[in-house]
Amino acid sequence: MKQDQSRAKREQGLGQQNHDGHKDETSSEKRISLAEEQFNRWLESMERLRLAEYVRYVDDRRRLFWSSFWSGIARGVGMAIGFTILGAILILILQDLARHNLPLIGELLDEIMNVVQNGMK
């Protein structure tokens, strides 16, 4: 009941003149202004994402090629360094286990270590 009364008051208020003698905005004008505000917020968020800059970057094929090339080189070098470090750590662990002369594991690790050391020479 109270909602119906408040809605009726709002509907009566639309189109009435205010104290300046001008008509209030109609609901369609309000919807248009809300849509404009929402569109402006959307544009601002797109500008913050720098979408136009990204499109220019993708359109410049030479810049895209060199950027991809150098990032691939960097990834390759990083993987090579990482695998080298991990391999060295693995060899140290295997050498330590072989020194402890664990049955079965020690013999297997000794053979693996001989193959690896011969391969490094």
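Modeller: In this predicted model, helix α4 passes helix α5 in a left-handed crossing. On the α4 side, the residues making the contact are I91, L94, Q95, L97 and A98. On the α5 side they are L109, I112, M113, V116, Q117 and M120. Sorted by class, the residues of this contact comprise 9 nonpolar and 2 polar, with no charged residue.

As for the geometry, α4 covers residues 61–99 and α5 covers residues 105–120. The two helices pack at an angle of about 135°, and their axes lie 9 Å apart. Angles over 145 degrees would count as roughly antiparallel, and 65 to 115 as roughly perpendicular; α4 is therefore oblique to α5.

Helix α4 also packs against helix α3, which spans residues 51–59. Here the angle is about 85° and the axes are 5 Å apart. That angle falls in the range from 65 to 115 degrees, so α3 is roughly perpendicular to α4. From α3, the contact uses Y57, V58 and D59; from α4, it uses R61, R63, L64 and S67. The make-up of the contact between α3 and α4 is 3 nonpolar, 1 polar and 3 charged residues.

Now the rest of the chain. The protein chain contains 5 helices and 0 strands, and its pattern along the sequence is α-α-α-α-α. It has 121 residues, of which 5% count as buried.

Technical notes. Residues numbered from 1 in each chain as written. Predicted model: local features only at pLDDT ≥ 70, side-chain atom pairs only at ≥ 80, totals over all residues. Heavy atoms only, no water. Helix = DSSP H or I, 4+ residues; strand = E, 2+ residues; numbered from the N terminus. Buried < 20%, exposed > 50% of the residue type's maximum accessible area, 1.4 Å probe, protein only. Axes fitted to C-alpha atoms, helices over the stretch in contact; angles between N-to-C directions. Parallel < 35°, antiparallel > 145°, perpendicular 65-115°, else oblique. Left-handed = near helix turned anticlockwise from the far one by under 90°. Contact = heavy atoms within 4.5 Å. Nonpolar A, V, L, I, M, F, W, Y, C, P; charged D, E, K, R; others polar.
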